Amino acid sequence: MYNMEFTGITILTEDVQRLAGFYSDVFSMPVARDDIHVVFCAGNVQIALYSKDAAKQDMAFDFSLYNGAGSVILNFDVDDVDAEYERLSKMSVLFVNHPVVRPWGMKSFQFRDPDGNILTFRKAVSR
């Protein structure tokens with residue numbers, strides 16, 4: 001068996017600036033922005049925002065054949081689910097649902113970024 005570590009995810013978008021602004025606000029962190037590629041760090045995981053047009057040109061691959069916003073959910077552990085929900089409520093975030101304790105012991109809520117990708121803010125709770 002070999003060692004493998006998950007280090008990041010890349011979200012392809014038609015508007016890097018718009019998503020960079022959204023994620024900068026959601027994660028309360030400034031980021032250097034350009035129109036092609038932006039990277040945020042969430043712990044040891046990098047979230048890259050990458051222009052679909054640049055990716056297609058750089059990798060010679062038509063990503064539009066495999067679009068699927070909403071097929072993957074990005075999960076983030078937070079200290080206070082309710083406080084994060086309230087904070088994001090003031091930012092015109094499009095919520096999928098509200099905070100609730102799930103049967104598997106996580107209190108969580110989901111919301112969408114401007115491209116429709118789903119994010120979860122969650123915290124383990126005792127049952």
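Select Asp113 to begin: this residue is buried yet has no salt bridge, and the nearest side chain of opposite charge, Arg18, is 6.7 Å away. Buried means under 20% relative accessible area, exposed over 50%, and partly exposed in between, with a 1.4 Å probe and protein chains only. A salt bridge requires a side-chain nitrogen of Lys or Arg within 4 Å of a carboxyl oxygen of Asp or Glu; for charge, Lys and Arg count as positive and Asp and Glu as negative, while His and the chain ends are not counted.

The model is predicted: local features need pLDDT of at least 70, side-chain atom pairs count only at pLDDT 80 or more, and totals for chains, interfaces and linings use all residues. Residues are numbered from 1 along each chain as its sequence is written, and side-chain values use heavy atoms, with hydrogens and water left out.

Remaining at Asp113, display the loop between strand S7 (106-112) and strand S8 (118-124), where this residue lies. Helices (H or I, at least four residues) and strands (E, at least two) are DSSP runs, numbered from the N terminus. Next, show Leu19, Phe22, Tyr23 and Leu119, with which Asp113 is in contact once neighbours within four places in sequence are set aside. Contact here means heavy atoms within 4.5 Å.

Move along to Thr120 in strand S8. At 3% relative accessibility, Thr120 counts as buried. Its side chain makes polar contacts with the side chains of Gln110 (3.0 Å) and Asn75 (3.3 Å). A polar contact is a pair of N or O atoms within 3.5 Å; within protein, one must be able to donate a hydrogen and the other to accept it, and residues adjacent in sequence count only if both atoms are side-chain atoms.

Now select the aromatic residues, among which the whole structure holds 14 aromatic pairs. Tyr85 and Phe95 form a tilted pair, 4.4 Å centre to centre with 40° between the planes. Tyr85 lies in helix H3 (residues 81-89) and Phe95 in strand S5 (residues 94-95), so the pair ties together parts ten residues apart in sequence. Rings of Phe, Tyr and Trp (its six-membered ring) pair if their centres lie within 6.5 Å; planes under 30 degrees apart count as stacked, over 60 as edge-to-face and the rest as tilted. Tyr85 counts as buried at 19% relative accessibility, whereas Phe95 counts as partly exposed at 23%.

Finally, view the whole protein, which comprises three helices and eight strands.
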